[in-house]
Amino acid sequence: VLKLFKSLHRTRQEVFKNDTRALEAARRKINEEFRNNQNETSEEKIKELLKVASDVEVILRTSVIQAVHTDSDKI
(Lines give C-alpha, C1' and ligand atoms only; values in the text may rest on other atoms or scores of the structure.)
Protein backbone atom coordinates (compact mmCIF):
# COMPACT_ATOMS: atom_id res chain seq x y z
CA VAL A 1 0.00 0.00 0.00
CA LEU A 2 2.79 2.41 0.94
CA LYS A 3 4.66 1.62 -2.27
CA LEU A 4 1.60 2.53 -4.35
CA PHE A 5 1.01 5.67 -2.27
CA LYS A 6 4.56 6.85 -2.94
CA SER A 7 4.33 5.88 -6.60
CA LEU A 8 1.17 7.95 -7.04
CA HIS A 9 2.89 10.97 -5.51
CA ARG A 10 5.92 10.54 -7.80
CA THR A 11 3.60 10.28 -10.80
CA ARG A 12 1.76 13.41 -9.65
CA GLN A 13 5.05 15.30 -9.48
CA GLU A 14 6.01 14.25 -13.01
CA VAL A 15 2.63 14.77 -14.65
CA PHE A 16 1.85 18.15 -13.08
CA LYS A 17 5.38 19.53 -13.07
CA ASN A 18 5.41 23.35 -12.76
CA ASP A 19 1.63 23.49 -12.14
CA THR A 20 1.34 24.32 -8.46
CA ARG A 21 -2.47 24.27 -8.36
CA ALA A 22 -2.69 20.84 -9.97
CA LEU A 23 0.15 19.50 -7.82
CA GLU A 24 -1.57 20.63 -4.63
CA ALA A 25 -5.01 19.39 -5.71
CA ALA A 26 -3.63 15.97 -6.66
CA ARG A 27 -1.66 15.76 -3.40
CA ARG A 28 -4.78 16.51 -1.36
CA LYS A 29 -6.90 14.00 -3.30
CA ILE A 30 -4.34 11.18 -3.00
CA ASN A 31 -3.89 11.79 0.72
CA GLU A 32 -7.64 12.07 1.28
CA GLU A 33 -8.45 8.81 -0.50
CA PHE A 34 -5.77 6.86 1.34
CA ARG A 35 -6.75 8.44 4.68
CA ASN A 36 -10.44 7.63 4.12
CA ASN A 37 -9.59 3.96 3.62
CA GLN A 38 -6.73 3.50 6.09
CA ASN A 39 -8.84 1.46 8.52
CA GLU A 40 -10.14 -0.95 5.89
CA THR A 41 -9.67 -4.56 7.01
CA SER A 42 -11.43 -6.52 4.27
CA GLU A 43 -8.78 -8.12 2.10
CA GLU A 44 -11.11 -8.11 -0.90
CA LYS A 45 -11.89 -4.40 -0.49
CA ILE A 46 -8.18 -3.56 -0.06
CA LYS A 47 -7.33 -5.40 -3.29
CA GLU A 48 -10.10 -3.51 -5.07
CA LEU A 49 -8.86 -0.15 -3.75
CA LEU A 50 -5.27 -0.96 -4.76
CA LYS A 51 -6.47 -1.84 -8.26
CA VAL A 52 -8.29 1.50 -8.52
CA ALA A 53 -5.18 3.38 -7.34
CA SER A 54 -3.01 1.50 -9.81
CA ASP A 55 -5.45 2.29 -12.63
CA VAL A 56 -5.41 5.97 -11.66
CA GLU A 57 -1.63 6.01 -11.90
CA VAL A 58 -1.74 4.50 -15.39
CA ILE A 59 -4.36 7.03 -16.50
CA LEU A 60 -2.29 9.91 -15.14
CA ARG A 61 0.82 8.69 -16.95
CA THR A 62 -0.90 7.98 -20.27
CA SER A 63 -3.83 10.38 -20.59
CA VAL A 64 -2.97 13.69 -18.95
CA ILE A 65 -1.63 16.35 -21.28
CA GLN A 66 0.00 19.52 -20.03
CA ALA A 67 -0.28 22.51 -22.31
CA VAL A 68 1.92 25.59 -22.06
CA HIS A 69 0.46 28.97 -22.85
CA THR A 70 3.02 30.80 -25.01
CA ASP A 71 1.05 33.64 -26.59
CA SER A 72 -2.46 35.01 -26.58
CA ASP A 73 -3.31 32.96 -29.69
CA LYS A 74 -1.20 29.86 -29.04
CA ILE A 75 -0.86 27.03 -26.59
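The model is predicted: local features need pLDDT of at least 70 and side-chain atom pairs count only at pLDDT 80 or more, while totals for chains, interfaces and linings use all residues. Residues are numbered from 1 along each chain as its sequence is written, and side-chain values use heavy atoms, with hydrogens and water left out.

**The annotated span**

Select residues 1-54, which the unreviewed UniProt entry annotates as "domain: Complex 1 LYR protein"; such annotations may be inferred rather than shown by experiment. The end C-alpha atoms of this span lie 10 Å apart, and the span is 80% helix and 0% strand. Helices here are DSSP runs of H or I with at least four residues, strands are runs of E with at least two, and both are numbered from the N terminus.

Next, select residues 2-15, helix α1. Now color L4, S7, L8, H9, T11, R12 and V15, the buried residues of α1 (buried is under 20% relative accessible area, exposed over 50%, partly exposed in between, with a 1.4 Å probe and protein chains only). They pack against α2 (20-36) and α3 (43-63).

**A loop residue**

Move to N18, in the loop between α1 and α2. Its phi is near 70°, a positive value in a residue other than glycine. Most residues other than glycine have a negative phi. N18 is exposed, at 76% relative accessible area.

**Salt bridges**

The structure holds six salt bridges, each a side-chain nitrogen of Lys or Arg within 4 Å of a carboxyl oxygen of Asp or Glu. Start with R27 and E24, whose closest N and O atoms are 2.6 Å apart; these residues are three apart in helix α2, so about one helical turn separates them.

Which residues are linked with E14 in a network of salt bridges? Select E57 and R61 to find them. The side chains of R61 and E57 meet at 3.6 Å, N to O. E57 is buried, at 11%, whereas R61 is partly exposed, at 43%.

How values were computed
Contact means heavy atoms within 4.5 Å.
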